[in-house]
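The sequence and the coordinates are shown below.

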Amino acid sequence: QVQLVESGGGLVQAGESLRLSCAASGRTFSSYAMGWFRQAPGKEREFVACIGKSAIYYSTSVKDRFTISRDNAKNTVYLQMNTLKPEDTAVYYCAAAETGLPVSHSSYDYWGQGTQVTVSS
């Protein structure tokens, strides 16, 4: 069982940056693939980025602006978000997958409660 707690969301202006953190419980954090997803009001949950032991994937909408990283010693995964745009406004969720490095939210086993990111124009 893994528990995930996100932090770092907030209100920023377009062009600014935020860093989200996701702290995980458990002693096997390094064995999980970790992903970030987001969900805007009235929209489906959308893949943002994921990181495994050696591979990283990004959605095309955030590639070159967002960076995912993990610190296995701290059981934490990060999402550095630069050059934020109003369309990045959403609740951001951290998720853990026991197998593979999926980009589909249905393949993730554990979820955090989400953190709100609001980007004003």
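The sections that follow proceed from the overall fold to individual side-chain contacts.

## Overall architecture

The model is predicted, not experimental. Its secondary structure consists of eleven strands and zero helices, so the order of elements from the N terminus reads β-β-β-β-β-β-β-β-β-β-β.

The C-alpha trace spans about 40 × 25 × 25 Å along its principal axes. Of the 121 residues, 44% count as buried.

## The four-stranded sheet

Four strands form an open sheet in the order β1-β3-β8-β7, and their pairing is antiparallel. Strands β1 (4-7) and β7 lie at the edges, each pairing on one side only. Averaged over this sheet, neighbouring strands are turned by 15° against each other, direction ignored.

Strands β3 and β8 run antiparallel and are joined by six bridges; Ser21 has Tyr78 in β8 as its bridge partner. Strands β7 and β8 are likewise antiparallel, with six bridges between them, and here Phe66 stands opposite Met81 in β8. The two strands β7 and β8 form a hairpin with four residues between them, and Asn75 in the turn has a positive phi of about 55°.

The side chains of β7 alternate between two faces.

The structure holds six aromatic pairs. In one of them, the ring centres of Tyr32 and Tyr110 are 6.1 Å apart and the planes stand at 85°; an angle over 60 degrees counts as edge-to-face, so this pair belongs to that class. Tyr32 lies in the loop between β3 (18-24) and β4 (33-39), and Tyr110 lies in strand β10 (residues 110-111), so the contact ties together parts that are 78 residues apart in sequence. Tyr32 and Tyr110 are both buried.

Phe37 and Tyr108 form another edge-to-face pair, with 5.1 Å from centre to centre and 75° between the planes. Phe37 belongs to strand β4 and Tyr108 to the loop between β9 (90-97) and β10, so that the pair links parts of the chain 71 residues apart. Phe37 and Tyr108 are both buried. These two residues are members of one aromatic cluster, which also includes Phe47, Tyr93 and Trp111. The ring of Tyr93 has a further contact: Arg45 lies over its face, at 3.8 Å from the ring centre.

## The salt-bridge network

Side chains of opposite charge can pair when their charged atoms come close. A search of the whole structure finds three salt bridges, and a network of such bridges links Arg38, Glu46, Arg65 and Asp88.

Which residues form salt bridges with Arg38? One is Glu46, at 2.9 Å from N to O. The other is Asp88, with the closest N and O atoms also 2.9 Å apart. The bridge between Arg38 in strand β4 and Asp88 in the loop between β8 (76-81) and β9 links distant parts of the chain, 50 residues apart. Asp88 also meets Arg65 in a salt bridge of 2.8 Å, N to O. Arg65 lies in the loop between β6 (56-58) and β7 (66-71), and its bridge to Asp88 in the loop between β8 and β9 links parts 23 residues apart.

Glu46 is partly exposed, with a relative accessible area of 33%.

Key: Residues are numbered from 1 along each chain as its sequence is written. This is a predicted model: local features need pLDDT of at least 70, side-chain atom pairs count only at pLDDT 80 or more; totals for chains, interfaces and linings use all residues. Side-chain values use heavy atoms; hydrogens and water are left out. Rings of Phe, Tyr and Trp (its six-membered ring) pair if their centres lie within 6.5 Å; planes under 30 degrees apart count as stacked, over 60 as edge-to-face and the rest as tilted. Buried means under 20% relative accessible area, exposed over 50%, partly exposed in between (1.4 Å probe, protein chains only). A charge sits over a ring if NZ of Lys or CZ of Arg is within 6 Å of the ring centre and within 35 degrees of the ring normal. A salt bridge is a side-chain nitrogen of Lys or Arg within 4 Å of a carboxyl oxygen of Asp or Glu. Two strands pair if DSSP finds at least two bridges between them. Axes are lines fitted to C-alpha atoms, for helices over the stretch in contact, and angles run from 0 to 180 degrees between N-to-C directions.
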